Amino acid sequence: MGGDIRTCKEQKQLMAHLGNCLDSEQLFYDPEQTEKYFSYQKYFPFDLYPWERFVFFFHNCIFTEKDLPRWRDLFGYMGRGAGKNGYLSFEDFCLLTETNGIQGYDIDICANSEEQAKTSFMEIYNVLDNPQFSRLFRHNFKWTLTEIANKKTGSTLKYRTNNAKSKDGLRSGKVDFDELHAYENWANLDVFTTGLGKKPHPRVSYMTTDGDVREGPLDALKNRSFEILSGKKPDNGLLPFICRLDSDDEVHDERNWPKANPSLPYKPELMQEIRTQYQNYLDDPVKNAGFMTKRMNRPQSAMDVQVTSWDNILKTNRPLPDLHGQKCVIGIDYTKTTDFMSACALFRGDDGVYYGKHHSWFCTRSRDRERIKIPLDEMERRGLLTFVDDVEVSADYVAEWIDALKYEYDVVKIAADSYRWSILSRALGQIGFDARDREQVKLVRPSDIMFVQGKIDSLFNSGKIVWGDDPLMRWFTNNVKLVSAPNNNFKYDKIEGKSRKTDGFMAFVHAMTIEDAIPEYYEPVYLEPIVL
């Protein structure tokens with residue numbers, strides 16, 4: 001690839017951020033140690049790319065005046081094929097050596113599968129076992145297929161799979177998380193990182209492409225990185241090396257591809273492979289959605305027809321205005337009594353934006369609980385979910401929730417699936433909502449949903465749906481696909497029936513079928529108290 005190499009917005013922001021840090025802080029590095037580290041490159045069957053030298057230097061060689069790593073944690077986020085494992089192999093080898101100067105600097109490589117966890121480990125093993133160097137290395141190292149140890153520093157390298165059991169008591173100097181996108185929650189990561197700090201210069205390396213798990217550790221680290229790079233938060237020791245396209249449309253110019261993969265200008269074979277995969281993506285974007293997600297770090301949902309893009313879903317995470325006293329409608333989704341039940345209060349702003357406040361209930365005895373890929377305990381702590389420890393979720397829960405809302409908002413109408421109304425009718429009737437009164441209750445039919453689908457799609461595209469910071473609602477929405485229906489219509493369905501739940505989103509859809517009952521937002525007028 002000739003000419004200048006293009007970089008993404010986050011890479012430019014990182015350069016500005018690091019420049020500010022170097023200008024304003026008392027930071028140091030040891031030129032001899034740095035040179036010695038890079039001299040180890042000769043033992044590896046590859047040359048370090050410029051991005052690898054850059055990242056290694058800032059992650060391992062820059063220290064504060066208190067002799068602490070300035071950037072303790074590395075978040076390396078780049079497209080598949082960039083050489084993330086090769087980088088980890090080189091970094092871990094260097095930190096095992098006497099050049100690091102820390103005794104017992106143990107390193108753990110963690111991944112969801114043993115095969116992935118062993119990748120960087122085996123690269124180092126093969127370096128040590130190379131007949132060209134093995135006699136030299138035997139003075140300082142001993143190695144087996146399960147552990148590599150430096151005899152002089154007492155430092156060890158091991159690989160570990162994603163199993164949080166029996167990991168307490170680790171005394172790691174460094175922990176690697178390979179392919180972070182596969183982690184569904186923080187439980188396993190926390191177990192490995194709580195042992196850090198028992199050895200000097202603790203470090204963590206998170207290396208990953210993007211993937212299909214949403215609202216997990218990867219998304220959390222991405223969001224934190226974006227806030228650091230935009231100046232909204234201090235970095236707190238995180239070095240966010242983000243590589244991705246700046247927009248989906250940039251994929252159609254291959255000169256943009258190095259934005260997602262900084263190694264691409266130096267790997268012509270990989271460039272040709274990506275060209276082939278790009279053509280396959282053009283032929284069938286649905287079947288080849290992984291091309292955008294894993295090669296370009298632009299997450300795409302793997303579905304028949306995407307309900308909306310992940311970027312559009314993220315746009316819903318904006319603050320809600322003061323809705324006290326406003327009129328609203330409520331949609332309810334209640335597909336199975338032994339699973340989720342969800343409700344969504346819907347408001348309309350004076351700017352054409354629709355605001356939603358959602359709550360869900362979950363039966364703790366659900367047979368699908370172990371399949372669900374979102375931390376339900378965290379959703380409960382955030383007040384978005386209520387656990388119901390019973391044989392089913394009673395309709396009384398949603399009735400109590402709506403009854404409580406009536407003290408803060410003016411609830412004008414309710415919508416629920418016509419096929420489930422018999423389950424809800426008694427409880428909602430007790431708080432004043434009777435299906436015989438069409439001004440109070442709408443029984444939603446499939447045709448009603450197909451009628452509002454186009455408007456919902458337009459609202460997503462224009463960023464006019466706001467739910468606040470509601471990761472459970474974002475998860476519900478990302479689990480929805482559009483399925484063709486007669487007369488060029490679409491209906492909503494689940495991507496996967498047992499683990500990818502959609503209840504919260506469908507509660508929002510039901511509310512949208514009666515959105516015409518909501519007047520536009522108005523500023524409440526508060527009268528002065530009358531003193532008699």
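Predicted model: local features only at pLDDT ≥ 70, side-chain atom pairs only at ≥ 80, totals over all residues.
**Helix H3**

Select residues 50–60, which form helix H3. Eight of its eleven residues are buried, so the rest of the structure largely encloses this helix. Buried here means under 20% relative accessible area. To see them, show the side chains of Trp-51, Glu-52, Phe-54, Val-55, Phe-56, Phe-58, His-59 and Asn-60.

**The largest pocket**

Next, go to the largest pocket, which holds about 1,200 Å³ of space. Centre the view on Asp-219, Asn-223, Phe-226, Leu-314 and Asn-317, the closest to the pocket centre among the 42 lining residues. Then colour the helices that each give two or more residues to this lining: H1 (9–24), H8 (217–229), H11 (310–314), H12 (376–381) and H16 (471–478). Helix H8 has the largest share, with seven residues. Colouring the lining of the largest pocket by class gives 21 charged, eleven nonpolar and ten polar residues.

**The second largest pocket**

Move on to the second largest pocket, with a volume of about 490 Å³. Its lining consists of 19 residues; select Asp-333, Asp-417, Ile-449, Tyr-492 and Met-506 to find those nearest the centre. Three elements to display here are helix H15 (446–461), strand E19 (489–494) and helix H17 (503–512), each of which supplies at least two lining residues. Which element gives the largest share of the lining of the second largest pocket? Strand E19 does, with four residues. By class, the lining of this pocket has nine charged, seven nonpolar and three polar residues.

Terms used: Residues numbered from 1 in each chain as written. Heavy atoms only, no water. Buried < 20%, exposed > 50% of the residue type's maximum accessible area, 1.4 Å probe, protein only. 1 Å grid on protein atoms, 1.4 Å probe; cavity = no way out; pocket = protein on both sides within 12 Å on 5 of 7 lines; lining within 4 Å. Points joined across faces, edges and corners; volume = space filled by probe spheres on them. Nonpolar A, V, L, I, M, F, W, Y, C, P; charged D, E, K, R; others polar.
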